[in-house]
Amino acid sequence: MVKKISIGVIGIQGAISEHVAIMQNTLKTTDTPGTVFIVKNLGDINKIDALILPGGETTTISKILYKLGLHTAIAKKIKENNLPVMGTCAGCVILASEIIDDIKDDVKLLHAIDMQVERNAFGRQKESFEKNINIEGVHHPYNAVFIRAPVIRKIWGKTKVLAKINKKIVMARQDNLLALSFHPELTNDLRIHNYFLDMI
Amino acid sequence: MEKFDIKKLRFGTIMLKKGFAKMQKGGVIMDVTNAEQAKIAEDSGAVAVMALERVPADIRATGGVARMADPTVIQNIMDVVSIPVMAKVRIGHFAEAQALESLGVDMIDESEVLTPADPFYHIDKHDFTIPFVCGCRNLGEAVRRIWEGAAMIRTKGEAGTGNIVEAIRHQRMVMGMIRTLKDMNKSEMERLAEEYSQSYVNSIKTITNVKISNSTIVFEKYEYGAVKKEICDVLNEIKGMQRLPVVNFAAGGIATPADAAIMMQLGSDGVFVGSGIFKSGNPKKIAKAIVEAVAHYDEPEVIAKVSKNLGEPMTGIEIEDIPKEQLLQERGW
């Protein structure tokens, strides 16, 4: 019998229902047996085979993750069980090892991917944009939605660049950890979620 | 910032505006009047701050014409927090909105808390790169604001009162009406769209006294026939989704964690807290408690825990004690 995959979406704040819907749609269109559910409590971490860290406000999400003990539990499961994780926008920041920030506030990072991120790297909301980008391993082009987006400033170790806008890295992968600074969950394009599903 | 291929970038799309609002879901947006309060809000876990010169309770107490805040106040707040900064403009005052957009504010609240500037029209929000949030008391107001380009809707409630009753009224009015759409047929939907378009017709009748036909321009560049059709499109989308097609927050009178929780349980995507935080005895504590209440709105034991020993909440006002002409929710149409 085929094992059912359990995919958790961190349900603190932000584009949660959008990730649940697009991931469910991805499972359905690929005939993959599995469930997608919202993770809000510590106990849920034991039930998941993969995790999505959605976009939202980094400061808010990271504070509550930490307070609930989820931060430590996720970091542990990544380290000890190679938990596959996809982080979009705020989720990308939280997966990083280092952060550059103009404004000092204590975002708690998971130190999961060997990369340094910069928050709001393109500017404020009026500088938010959509753009067709090329992604390694995904058929071109892909319309990426950047909202007050971070960029990956530096990578090291085993981390690989998957997409760039000129010199700015906007998508990277380290083993089964995936970080992107844009929002696939706001579109109807399943290719990024398909890519993540292949990693699980 | 380094130069990159600007030609292929698309700014200010509907996707970006609605997407920005979606990133606020499940969060608390707090009114702040200076950098220090903004820091407290951010540290407490707010998803954004609303930069103001005075909170609604003080606007209510002071009286007079309430306008867009001094850009210095807004800039000072933008300089100290990394979360988005929003600011309010008067209803219809597109020049205030242009000024705020140039300042780099992340979202504009076209708000009844300030004194309305245009007796006929709200702002044509499609003209802007940055997204707007607007208040509503019922589905008709919500649909008109969405058609005008609002990326986010909030209840009007009755700001500055610390009294939740009007926010609940407006949320129930919107949600109840959305449910009734389910049973409406095509012609009933068209009739409702026509009814919801009347506010533009009334304005143009007052201005020009002409006979209205489908080709009459009733608002900015929009003809009456197109307005009715597009309002019907919005209604059909709502009918299908059984919710507003944009993020929907609660606002106007939220003062406690339980107030926030009840609004979330009634279907709000998040809450605005105005005077409730910095007019209370212990702003830091109440700010954190409301953030937790929104994240755990369906867990009564969390609401009970965070409601303990919050100190003095803001003093509330009975809606009946406010003279009708001083009700902020009556502003806008």
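Author: What follows is a talk through this structure, term by term. It is a predicted model, where local features need pLDDT of at least 70 and side-chain atom pairs count only at pLDDT 80 or more, while totals for chains, interfaces and linings use all residues. Residues are numbered from 1 along each chain as its sequence is written, chains are lettered from A and ligands numbered from 1 in the order in which they are written, and side-chain values use heavy atoms, with hydrogens and water left out.

Reader: Why is Ile113(A) called buried?

Author: Buried means under 20% relative accessible area, exposed means over 50%, and partly exposed is in between (1.4 Å probe, protein chains only). Ile113(A) has 0% relative accessibility, so it counts as buried. You'll find Ile113(A) in the loop between β5 (98–100) and β6 (115–118) of chain A. Helices (H or I, at least four residues) and strands (E, at least two) are DSSP runs, numbered from the N terminus.

Reader: What makes Arg148(A) buried, and which way does its phi go, positive or negative?

Author: Arg148(A) has a relative accessible area of 8%, so it is buried. Its phi is near 40°, a positive value in a residue other than glycine. Arg148(A) sits in the loop between β8 and β9 (151–155) of chain A.

Reader: And Gln242(B): buried, exposed or partly exposed?

Author: Gln242(B) is at 25% relative accessibility, so it counts as partly exposed. Its phi is positive too, near 55°, and Gln242(B) is in the loop between α9 (224–241) and β10 (247–250) of chain B.

Reader: How do you know which side of helix α4(B) its buried residues are on?

Author: In α4 (residues 71–80) of chain B, the buried ones are Val73(B), Ile74(B), Ile77(B) and Met78(B). They cover an arc of only 135° around the axis, so they are on the same side of α4(B). That arc is taken from the directions from the helix axis to the C-beta atoms. An α-helix has 3.6 residues a turn, so residues three or four places apart point the same way. The buried residues of α4(B) pack against β2 (28–32), α2 (35–44), β3 (48–51), β4 (85–90) and α5 (94–103) of chain B.

Reader: What makes a nonpolar core, and how many residues does the largest one have?

Author: A nonpolar core is a set of buried Ala, Val, Leu, Ile, Met, Phe, Trp, Tyr and Cys residues joined through side-chain atoms within 4.5 Å. The largest here has 87 residues, and among those with the most contacts inside it are Leu65(A), Met115(A), Ile74(B) and Val271(B). Helix α12 (residues 283–295) of chain B gives the most to this core, with eight residues. Apart from it lies another core, of 36 residues, among them Val9(A) and Leu27(A).

Reader: Why is the pair Asp106(B) and Arg124(A) called a salt bridge?

Author: The rule asks for a side-chain nitrogen of Lys or Arg within 4 Å of a carboxyl oxygen of Asp or Glu. In this pair the closest N and O atoms are 2.7 Å apart, and a salt bridge is what they form. Across the interface of chain A and chain B the rule finds six salt bridges, and over all chains it finds 30.

Reader: What about Asp298(B) and Lys40(A)?

Author: They meet in a salt bridge too, at 3.7 Å, N to O. Asp298(B) is at 44% relative accessibility, so it counts as partly exposed, whereas Lys40(A), at 17%, counts as buried.

Reader: Which parts does the pair Arg60(B) and Glu158(B) tie together?

Author: Their side chains meet in a salt bridge at 2.5 Å, N to O. Arg60(B) lies in helix α3 (residues 56–62) of chain B and Glu158(B) in the loop between β7 (152–155) and α7 (165–181) of chain B, so the pair ties together parts that are 98 residues apart in sequence. Both Arg60(B) and Glu158(B) are buried.

How values were computed. Contact = heavy atoms within 4.5 Å.
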